[in-house]
Amino acid sequence: MSHHTTARTRPRTAAGVLLASALAATTAACGSSEQPLAAPEAYQAANGIALKGPIGSGRKADPDKPLEVTAEAFDGRITDVTAVDATGRYLAGELSADGRRWHSTTPLAGNARYTVRVSTVDEDGAAGRKVLNFSTGKPTAKHVLDVKFGPRAGTYGVGQPVTAELNVPVRSPAQRAVVERALRVESTPAVAGSWHWVDDKELHFRPEEFWPAHATVRVRSNLEGIKVGDRLWGGRSRALDLTIGDKVVALTDAGSHRMTVYKNDEEVKTLPVTTGKPGFDTRNGVKVVLAKERFVRMRGTSIGIAEGSAESYDLPVHFATRVTWSGEYVHAAPWSVGSQGVDNVSHGCTGMSTENAEWFFDYVKEGDVVEVVNSDGDMMEPFGNGFGDWNMDWKKWQAGSALTGGAGGPTAADRARLTPQSL
């Protein structure tokens, strides 16, 4: 999948994962395959290849400044540069047209140790190489950007988005791009995906389509020690592992008053239901199971109905499967069995018999999909009332990324990361 952003997926091969960061580094090296770095015939390049800035003798480079590799005193040119820190994070960079200078285009990590491998070719066409090492100083951060991933570890349905909550707001496109590049989403099997900024402190990640059934997903951050903005540096975060279960989709047709439940695209069961009556119409669109509550006391006052009015209610409800935070459930409604399969009489929930509600409650899990069609209600909002993420088309979703949403589109390095290739 990418992430979009820094999000990406694990290739399908058993051989392992092609790291997005490694892909980015390869592209950042201008894709040169002219003189492979590891070629056995390569000689040790002259001392004219150098890092700009303090290195060696116990001195540390300033992580606020870009890394520069120069060939000013070398009779030839640089063909390729890779720079990676001790944790495996690669720096993206650009090589000048004349091959005399390479500079990093993504931030250095603070308090890190880097190895830089430089490939060269001299004026006679002979390949060379040089390996340089340096360390960066400790960042003088005033603020640390922490990331908390959600949901909690476990097994979820194919509609479950990944969330990333930030402890401080990130507003500028450039800073958001730094954050996205460091947020990694790896899945097996691999799928295309993208981050979307919900607001300054929250991002959601989803594939273009639902997750594949039985996929495994790992989410992690490489932000630690990375400069995000002025006096703002990335902090540590805990990785998240998810398992995707069977594909379960419950399609509710408010016009025919039927819910059909599918498992892995095979019909399992059709249930008579009632949905929202006029004035309380059930929202259309794709929703995701948020929670399951065996007992809920539902009151009309919770949705703005005046107590004592004709529409007022106060009911004990069993086997309630929540699909919005504002109070829309699929639940047992024994009082409306006569209308189920015939008419819509609820205040917005999807009601069914106690027996059917218990079956549904036991059958579904968090992250499973509940879709409503042919209601006179509004469309489910993408954010703020549960997970309506799937109601946003893919182009608009990608437009919410700091990496793929710009007018210029993703860079070559980002395209490599966002669309992983099988090995």
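Which residue takes a positive phi in the hairpin of β21 and β22? N264 does, with a phi near 50 degrees, and this hairpin has 2 residues between the strands. The model is predicted, so local features need pLDDT of at least 70 and side-chain atom pairs count only at pLDDT 80 or more, while totals for chains, interfaces and linings use all residues. Residues are numbered from 1 along each chain as its sequence is written, and side-chain values use heavy atoms, with hydrogens and water left out.

View 1. Strands here are DSSP runs of E with at least two residues, and helices are runs of H or I with at least four, numbered from the N terminus. Two strands pair if DSSP finds at least two bridges between them. Strand β20 (residues 248-253) pairs with β21 (residues 258-263) in the antiparallel sense over 6 bridges. T252 stands opposite M259 in β21. The hairpin of β20 and β21 has 4 residues between the strands, and H257 takes a positive phi near 60 degrees. β21 is also joined by 6 bridges to β22 (residues 266-272), and these two strands run antiparallel. K263 stands opposite E266 in β22.

**View 2. Open sheet of 4 strands.** The strand order is β10-β12-β15-β14, with antiparallel pairing. β10 (147-150) and β14 (193-199) are at the edges; each has a single partner strand, so one side of each lacks a neighbour in the sheet. From one strand to the next the twist averages 20 degrees. Axes are lines fitted to C-alpha atoms, for helices over the stretch in contact, and angles run from 0 to 180 degrees between N-to-C directions. Strands β12 (residues 162-166) and β15 (residues 202-207) run antiparallel and are joined by 4 bridges. V162 stands opposite F205 in β15.

**View 3. Helix α2 on the sheet.** Helix α2 (residues 173-182) packs on the sheet and touches β14 and β15; contact means heavy atoms within 4.5 Å. The direction of α2 makes about 135 degrees with that of β14. The buried residues of α2 are R176, A177, V178, V179, E180 and A182, where buried means under 20% relative accessible area, exposed over 50%, and partly exposed in between (1.4 Å probe, protein chains only). Among the elements that cover these buried residues are β9 (143-145), β13 (183-188), β16 (216-221) and β17 (227-229).

**View 4. Surroundings of T163.** T163 lies in strand β12. T163 counts as buried because its relative accessibility is 9%. Leaving aside neighbours within four places in sequence, the contacts of T163 include K148, F149, W195, L203 and F387.

**View 5. Loop residue A153.** A153 is placed in the loop between β10 and β11 (154-156). Its relative accessibility is 55%, so A153 counts as exposed. A153 touches L240, D241 and L242, not counting residues up to four places away in sequence. A153 and L240 are 87 residues apart in sequence, with their C-alpha atoms 6.1 Å apart in space.
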